[in-house]
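Let us walk through this structure, beginning with the whole chain and ending at a single side chain.

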Amino acid sequence: MKKILITGGAGFIGSHVVRRFITSHPEYHIVNLDKLTYAGNLLNLKDVEHKPNYRFIKGDIVDAAFIDQLFKTEKFDSVIHLAAESHVDRSISNPLDFVMTNVVGTVNLLNASLKNWKGAYGEHRFYHVSTDEVYGSLGEKGLFTETSAYDPHSPYSASKASSDHFVRSYQDTYGLNTVISNCSNNYGSHHFPEKLIPLAINNIRQNNPIPVYGKGENIRDWLWVEDHARAIDVIFHQAKAGSTFNVGGHNEWTNIDLIRLLCHIMDLKLNRPEGSSEKLITYVTDRAGHDLRYAIDSNKLQKELGWAPSLQFEEGLGKTVDWYLANTDWLNNVTSGNYQFYYQEQYSDR
Ligand code: NAD
Ligand code: DAU
């Protein structure tokens with residue numbers, strides 16, 4: 001039975017990837033390594049935690065000695081690396097946390113892979129999950145392709161860009177079998193409510209202001225998280241060593257149009273008069289260095305590996321709202337404690 005290490009499996013995307021691999025690949029043993037930061041939550045995997053081909057290990061990828069020992073004892077066949085500090089606003093307040101986890105943590109995993117897979121790199125795969133934010137910001141036209149130049153603007157995207165470069169350098173220098181995918185904004189269940197969509201859902205249900213940065217004109221390309229997990233499955237199994245794939249939904253929305261659609265859906269689901277949620281929209285001070293537009297060209301993935309997004313945005317957003325309204329315990333749990341402090345710091349003087 002092949003043993004696959006998935007890092008960051010207790011987070012938003014990681015939990016969907018872990019669930020997909022446990023259920024679609026009973027031939028693998030899945031080990032989920034996660035530090036359980038504020039963003040990691042074992043409740044995200046409650047439905048699959050007792051499966052016989054799954055195990056959770058709590059640990060920090062920044063701890064090189066721990067990672068090295070873990071690889072020695074567990075003898076992983078491959079790695080799918082998602083663990084990261086992932087929120088742009090937090091990277092503006094605490095850049096060093098992002099350097100440590102996203103850069104040093106990734107290099108620790110690369111070093112452990114190199115050491116423990118020596119002489120047989122072809123049989124093992126290091127899959128690094130990255131973001132479209134490494135490419136910087138688009139103007140009104142154009143799409144990010146796999147050959148777009150890197151041009152990160154936030155400490156988060158700079159740290160992810162750096163980790164991508166390290167992964168490629170280990171392929172080119174040492175012959176490690178690596179793959180990278182760069183994905184656009186994900187949405188769906190179990191998304192931590194510091195990010196735009198779950199934050200807005202949580203605020204609307206509580207009749208709190210919906211903070212929209214600047215004029216709300218920035219554009220993001222939204223993808224259903226389960227479509228991303230499926231793309232990761234396909235790329236992990238079919239991509240050539242050393243290759244890169246862009247993953248995206250061909251689904252661009254300005255933030256303000258997205259929020260208006262969400263308000264409309266929430267009014268219907270909560271039986272509120274049409275237009276009542278929109279009254280909560282509040283324009284606040286813009287994010288520093290705010291990228292204007294992200295949009296992904298995922299033709300390479302569609303043509304070479306036959307992947308395509310499965311859900312229309314309106315349907316996916318409706319399902320997402322349903323999940324949050326049915327899981328208010330989850331929301332209340334993750335927004336208690338430190339979240340209140342974070343929210344105060346982040347939004348009080350905007
Ligand atoms: P998330 O913040 O929800 O989850 C990150 C997980 O990593 C958490 O479970 C956390 O506990 C864990 N973690 C953090 N630091 C760790 C450490 N030092 N050691 C071990 N575990 C640690 O993030 P997400 O949105 O699920 O993103 C997952 C990955 O996908 C990231 O690499 C991110 O850059 C990338 N990505 C995210 C998106 C998106 O829209 N969310 C889009 C493209 C790519
Ligand atoms: O593009 C992929 C990236 O998408 C991932 O790599 C990141 O991990 C993920 O967090 C996400 O980054 P964004 O910065 O695009 O996502 P966020 O949800 O933070 O913001 C989406 C847009 O909404 C962005 O233009 C900023 C704006 N925004 C965000 C928040 C939290 C607001 O207007 N108000 C808010 O309160």
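Take the contacts in the protein chain between residues at least 6 apart in sequence: 82% of them join residues at least 24 apart. Keep in mind that this is a predicted model.

Next, the secondary structure. The protein chain has twelve helices and 13 strands. Its radius of gyration is 20 Å, close to the 20 Å that the globule rule gives for 350 residues, so the chain is as compact as a globular protein of that length. Along the principal axes, the C-alpha trace spans about 65 × 45 × 40 Å.

Of the 350 residues in the protein chain, 58% are buried. The accessible surface comes to about 14,500 Å², and carbon and sulfur atoms account for 51% of that surface. As for charge, the protein chain carries 34 positive and 41 negative side chains. The centres of these two sets lie 4 Å apart.

Zoom in on one residue. His 87 sits in the loop between strand 4 (78-81) and helix 3 (88-93). Is His 87 buried or exposed? His 87 has a relative accessible area of 3%; the cut-off for buried is under 20%, so His 87 counts as buried.

What does His 87 touch, not counting residues up to four places away in sequence? The list is Tyr 38, Phe 98, Glu 194, Lys 195, Arg 287 and Tyr 342. Two of these names return at the polar level. The side chains of His 87 and Tyr 342 are joined by a polar contact of 3.1 Å. A polar atom of the His 87 side chain also lies 3.4 Å from the backbone oxygen of Glu 194.

How values were computed
Residues are numbered from 1 along each chain as its sequence is written. Chains are lettered from A and ligands numbered from 1 in the order in which they are written. This is a predicted model: local features need pLDDT of at least 70, side-chain atom pairs count only at pLDDT 80 or more; totals for chains, interfaces and linings use all residues. Side-chain values use heavy atoms; hydrogens and water are left out. Helices (H or I, at least four residues) and strands (E, at least two) are DSSP runs, numbered from the N terminus. Buried means under 20% relative accessible area, exposed over 50%, partly exposed in between (1.4 Å probe, protein chains only). A polar contact is a pair of N or O atoms within 3.5 Å; within protein, one must be able to donate a hydrogen and the other to accept it, and residues adjacent in sequence count only if both atoms are side-chain atoms. Contact means heavy atoms within 4.5 Å. The radius of gyration is taken over C-alpha atoms; the globule rule is 2.2 Å times the number of residues to the power 0.38. Accessible areas come from the Shrake-Rupley method with a 1.4 Å probe; for residues, only the protein chains shown count as cover. Lys and Arg count as positive and Asp and Glu as negative; His and the chain ends are not counted. The place of a charge is taken as NZ of Lys, CZ of Arg, CG of Asp or CD of Glu.
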